[in-house]
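Here is a quick tour for anyone meeting this structure for the first time. Have a look at the picture, then read on.

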Amino acid sequence: MARVNHLVNHKYASMSQLAQAIVDSATASHTGSRKGSGSAALVSGRMRLALTRFAGADGFTALFRRAIRLAQIETPTWEAIKIGPDSYLSGIDQLSEAQAVTLFTCLLELLVTLIGERLTLRLVTESWPELMD
């Protein structure tokens, strides 16, 4: 696993670059009408699976809620995302590509703070193995 982490660190110099690559991957696989439309929902779905396995549903909800607050501080012009029952995220499909990158950068940076870069990159690598190609 250390080899994989080294490759991710070498390929992406910052969490914002990694977040951009994740959103780009989702955008490439999505046929939405506007660039970035729906890619945030696809990314959050994959993140939800990985984080729920790692921290449980309540852990995912707490992490995502905090990441949303941090992202809203950086770009306060977007409408609030609401987290409903069963960690359902309403409104996330309305984020632009730039807003999605901001949100997922905040989430990745929060994860690095809480669990460290190595484990964060492991979760990302498990969710997006295609980024290693």
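## A threonine in helix 5

Let's start with T120, which sits in helix 5 (residues 117-127). Helices here are DSSP runs of H or I with at least four residues, numbered from the N terminus. T120 counts as buried because its relative accessibility is 0%; the cut-offs are under 20% relative accessible area for buried, over 50% for exposed and partly exposed in between, with a 1.4 Å probe and protein chains only.

What does T120 touch, not counting residues up to four places away in sequence? The list is L108, L111, V112 and I115, where contact means heavy atoms within 4.5 Å. The T120 side chain also reaches the backbone oxygen of L111, at 3.4 Å.

## A note on the model

This is a predicted model, in which local features need pLDDT of at least 70 and side-chain atom pairs count only at pLDDT 80 or more, while totals for chains, interfaces and linings use all residues. Residues are numbered from 1 along each chain as its sequence is written, and side-chain values use heavy atoms, with hydrogens and water left out.

## Helix 4 and what follows

Helix 4 covers residues 97-115, 19 residues in total. From its first C-alpha to its last it reaches 26 Å, close to the expected 27 Å, a figure that comes from 1.5 Å times one less than the number of residues. Just after helix 4 comes G116, with a positive phi of about 95°.

## Phenylalanines that meet

Now over to F64, in helix 3 (residues 39-74). F64 counts as buried, at 0% relative accessibility. Leaving aside neighbours within four places in sequence, F64 is in contact with S44, I83, L89, I92, L103, F104 and L107. The C-alpha atoms of F64 and L103 are 9.0 Å apart, although 39 residues separate the two along the chain.

How many aromatic pairs does a search of the whole structure find? Two, with rings of Phe, Tyr and Trp (its six-membered ring) pairing if their centres lie within 6.5 Å, and planes under 30 degrees apart called stacked, over 60 edge-to-face and the rest tilted. F60 and F64 make a tilted pair, 5.2 Å centre to centre with 35° between the planes. Both lie in helix 3, four residues apart, or about one turn. F64 and F104 pair edge-to-face, at 6.2 Å and 65°. F64 belongs to helix 3 and F104 to helix 4, so this pair ties together parts 40 residues apart in sequence. F104 is buried too, at 2% relative accessible area, and F60, F64 and F104 form one aromatic cluster.

Note on methods:
Helix = DSSP H or I, 4+ residues; strand = E, 2+ residues; numbered from the N terminus. Polar contact = N/O pair within 3.5 Å; in protein donor to acceptor, adjacent residues only side chain to side chain.
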